[in-house]
Amino acid sequence: RLRSILRGCGSYLPPRVLTNKDLEAMVATSDEWIVQRTGIRERHIAAEGETTSVLGIRAAEAALADAGLEAGDIDLVVCATSTPDYTFPSTATQIQHGLGIHGGAAFDLQAVCTGFVYGLATADKFLVSGSHKRALVVGAETFSRILDWTDRGTCVLFGDGAGAVVLEAAEGRGTSADRGVLTTQLRSDGRYRDKLYVDGGPGSTGTTGHLRMEGREVFKFAVGKVMDVVTEAFAEAGVTVDDLSWFVPHQANRRIIEASADKLGIPREKLVITVDRHGNTSAASIPLALDAARRDGRIKEGDLVMLEAIGGGFTWGSALLRW
Ligand code: ACO
């Protein structure tokens with residue numbers, strides 16, 4: 001039986017940092033309000049010309065270097081993004097080209113903040129089917145370009161960045177002790193469209209539009225839905241919360257992360273939190289957090305890691321990995 005083994009990860013953040021103090025000069029807000037409600041202190045913002053594919057290429061290069069692989073070893077590129085460079089061609093093909101890969105398949109996938117979990121689940125299914133051998137799964141976003149910078153309720157929450165992992169199909173023994181992607185759980189429900197959306201697009205206004213959100217509603221929904229997909233993942237893999245080494249959730253808000261972890265009985269010291277430095281980078285937030293925890297030595301080989309996310313749609317999901 002084939003398994004998708006994690007070969008490496010990497011990330012990239014644009015150099016420009018926007019602090020809460022900087023935001024105080026732009027909208028009626030305060031560092032104190034933002035930190036208390038969200039845990040965010042600063043975020044990175046892409047410069048002109050630093051498009052989503054540019055960030056994605058940098059993250060992918062770092063992931064390939066970490067895996068000790070060449071671009072030509074990759075036969076599948078999946079890019080999760082809601083902020084593509086163009087309506088088409090896909091950001092994935094731009095990343096593929098930027099890396100110098102001219103074979104295999106590349107496509108984008110859009111599940112907003114759940115995009116990376118959807119991308120990982122999709123690439124995993126390609127690899128375990130035997131159709132592809134090595135996949136780059138990239139989460140890359142420039143949400144700064146779809147924010148209404150006059151709306152204090154949303155513009156303080158998001159940032160730009162990219163992260164990537166390399167998956168490789170390998171023979172597994174078929175038990176939960178094996179390495180790799182153990183289980184993925186994906187869900188969506190389009191009834192919640194109006195809670196979190198972008199008010200534009202080629203089929204509606206013909207403009208790019210801006211992000212709109214009912215923050216309280218999203219908050220309420222987030223914690224409950226996270227519980228379901230995480231509990232289902234544990235049951236399917238035949239492990240318990242006590243076996244978990246690290247919980248790497250989508251980084252939207254420290255309060256959502258801590259409330260979810262508390263409900264699941266995951267101790268605070270097992271949480272990987274980067275939202276304080278990155279803000280919410282949507283599909284990029286999980287691979288950015290994974291890479292931070294790999295690089296500082298927290299996530300080690302053999303560790304059991306739970307990823308989970310919820311985003312616009314709503315979409316939500318989880319992925320349980322053994323690194
Ligand atoms: N600075 C100062 N005051 C603000 C700001 C700001 N940046 N934003 C809103 N306020 C004000 C509001 O105007 C309101 O004022 P009023 O009482 O005079 O009307 C007051 O603060 C409270 O506003 P709420 O929106 O009710 O504040 P809440 O406590 O719900 O916090 C927040 C808002 C942080 C957005 C919260 O609802 C939240 O975390 N929601 C989760 C949504 C989220 O994280 N989404 C990310 C994208 S979704 C995802 O990734 C899954």
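In the structure, helix H7 (residues 215-237) and helix H8 (residues 254-264) pack at an angle of about 40°, with 10 Å between their axes. Helices here are DSSP runs of H or I with at least four residues, and strands are runs of E with at least two, numbered from the N terminus. Axes are lines fitted to C-alpha atoms, for helices over the stretch in contact, and angles run from 0 to 180 degrees between N-to-C directions. The structure is a predicted model, in which local features need pLDDT of at least 70 and side-chain atom pairs count only at pLDDT 80 or more, while totals for chains, interfaces and linings use all residues. Residues are numbered from 1 along each chain as its sequence is written.

H7 and H8 are therefore oblique to each other, a class that holds the angles left over when those under 35 degrees count as roughly parallel, over 145 as roughly antiparallel and 65 to 115 as roughly perpendicular. On the H7 side, Phe219, Ala222, Val223, Val226, Met227 and Val230 meet Ile256, Ala259, Ser260, Lys263 and Leu264 of H8; contact requires C-beta atoms, placed from the backbone, within 7 Å. The residues of this contact comprise nine nonpolar, one polar and one charged. Nonpolar denotes Ala, Val, Leu, Ile, Met, Phe, Trp, Tyr, Cys and Pro, charged denotes Asp, Glu, Lys and Arg, and the others, Gly among them, are polar.

At least two residues each come from H7, helix H2 (31-38), helix H6 (152-155) and strand E12 (304-311). Of the 23 residues around the ligand, Thr29, Cys113, Gly215, Phe219 and Ala252 come nearest; a residue is near a molecule if its C-beta atom, placed from the backbone, lies within 6 Å of it. The shell consists of 12 nonpolar, eight polar and three charged residues.

Methods:
Two residues are in contact if their C-beta atoms, placed from the backbone, lie within 7 Å.
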